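Biologist: I would like to go through this model with you. Please back each label with its cut-off.

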Amino acid sequence: MRLGVLVSGRGSNLEAVLRAEFEVAIVISNRPGVRALEAAAAHRVRWVVLQVSDFADASARDAAIGEALSSAGVDLALLAGYDRLLRPSYFSAFGGRTINIHPSLLPAHGGAGMVGLAVHRSVLDADDVETGVTIHEVSADLDGGRIIAQSGVPVRPGDDAETLAARVLRAEHRLLVATLTSIARERPEGTPRASICGRGSAPAAPECTQ
Ligand code: GRF
């Protein structure tokens with residue numbers, strides 16, 4: 001399974017994927033100079049910056065992202081902290097599967113503006129006792145694709161957005177590696193398996209505890 005990873009910033013999820021030794025064919029950033037690119041370089045992974053200012057418009061840039069993934073032979077594109085909506089030109093240029101990781105239990109605390117600490121502030125403002133992580137298919141709708149995997153994370157008394165974000169981020173790294181492991185094991189003729197780590201009464205997949 002050849003991965004392409006789209007990033008915009010810190011790159012801790014990318015690092016989790018690289019540490020787990022998945023095959024990353026290309027890392028694409030929409031912003032120059034971000035830490036995620038240092039992680040790619042440190043792991044000797046090919047990376048490219050495709051920023052909108054280098055193209056006629058965002059649609060042309062998104063087509064270039066899709067073309068870069070296709071020419072790198074990517075099977076699965078992972079949005080790991082990628083901070084822009086992908087336009088239809090992306091989906092025309094890249095025919096493979098695209099998934100995203102989001103730091104809440106979607107559909108709760110998703111959609112427009114739900115990025116970074118705003119997600120965790122929204123959880124605290126709602127007095128939720130549980131939050132978590134969602135990995136979902138990416139479609140043209142923001143945070144709207146089919147949910148592949150979720151993992152619950154407790155909200156603890158005294159949490160602020162930063163402490164909650166740190167706890168959720170650790171769960172993100174675990175769920176991402178577990179889910180990619182599960183996807184990589186899928187047989188071509190098989191139905192995609194959902195890996196649900198630590199939610200409700202469903203038994204956790206073995207990967208969830210690794
Ligand atoms: C993560 O919280 C991810 O769920 C969200 O953006 C953040 C990216 O963090 N989509 P990092 O760049 O992987 O450290």
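Biologist: Which residues in α5 meet which residues in α6?

Modeller: First, the ground rules. This is a predicted model: local features need pLDDT of at least 70, side-chain atom pairs count only at pLDDT 80 or more, and totals for chains, interfaces and linings use all residues. Residues are numbered from 1 along each chain as its sequence is written, and side-chain values use heavy atoms, with hydrogens and water left out. Now the pair: L117, H120, R121, V123 and L124 in α5 meet A161, E162, L164, A165 and V168 in α6. Contact means heavy atoms within 4.5 Å.

Biologist: What makes α5 roughly perpendicular to α6?

Modeller: The two helices pack at an angle of about 110°, with their axes 9 Å apart. Angles of 65 to 115 degrees count as roughly perpendicular (under 35 is roughly parallel, over 145 roughly antiparallel, the rest oblique). Therefore α5 is roughly perpendicular to α6. Axes are lines fitted to C-alpha atoms, for helices over the stretch in contact, and angles run from 0 to 180 degrees between N-to-C directions.

Biologist: What is the contact of α5 with α6 made of, by class?

Modeller: It has seven nonpolar, one polar and two charged residues. Ala, Val, Leu, Ile, Met, Phe, Trp, Tyr, Cys and Pro count as nonpolar, Asp, Glu, Lys and Arg as charged, and the others, Gly among them, as polar.

Biologist: Why does V27 count as buried?

Modeller: Buried means under 20% relative accessible area (exposed is over 50%, partly exposed in between; 1.4 Å probe, protein chains only). V27 has 0% relative accessibility, so V27 counts as buried.

Biologist: Where is V27, and what does V27 touch?

Modeller: V27 sits in strand β2 (residues 23-29). Strands (E, at least two residues) and helices (H or I, at least four) are DSSP runs, numbered from the N terminus. Not counting residues up to four places away in sequence, V27 touches V5, V7, L14, L37, A40, V45, R46, W47 and V48.

Biologist: Which residues touch the most other members of the largest nonpolar core?

Modeller: V5, L14, V17, V24, V27, I99 and L180, of 34 residues. A nonpolar core is a set of buried Ala, Val, Leu, Ile, Met, Phe, Trp, Tyr and Cys residues joined through side-chain atoms within 4.5 Å. Helix α6 (residues 161-185) gives the most to this core, with seven residues.
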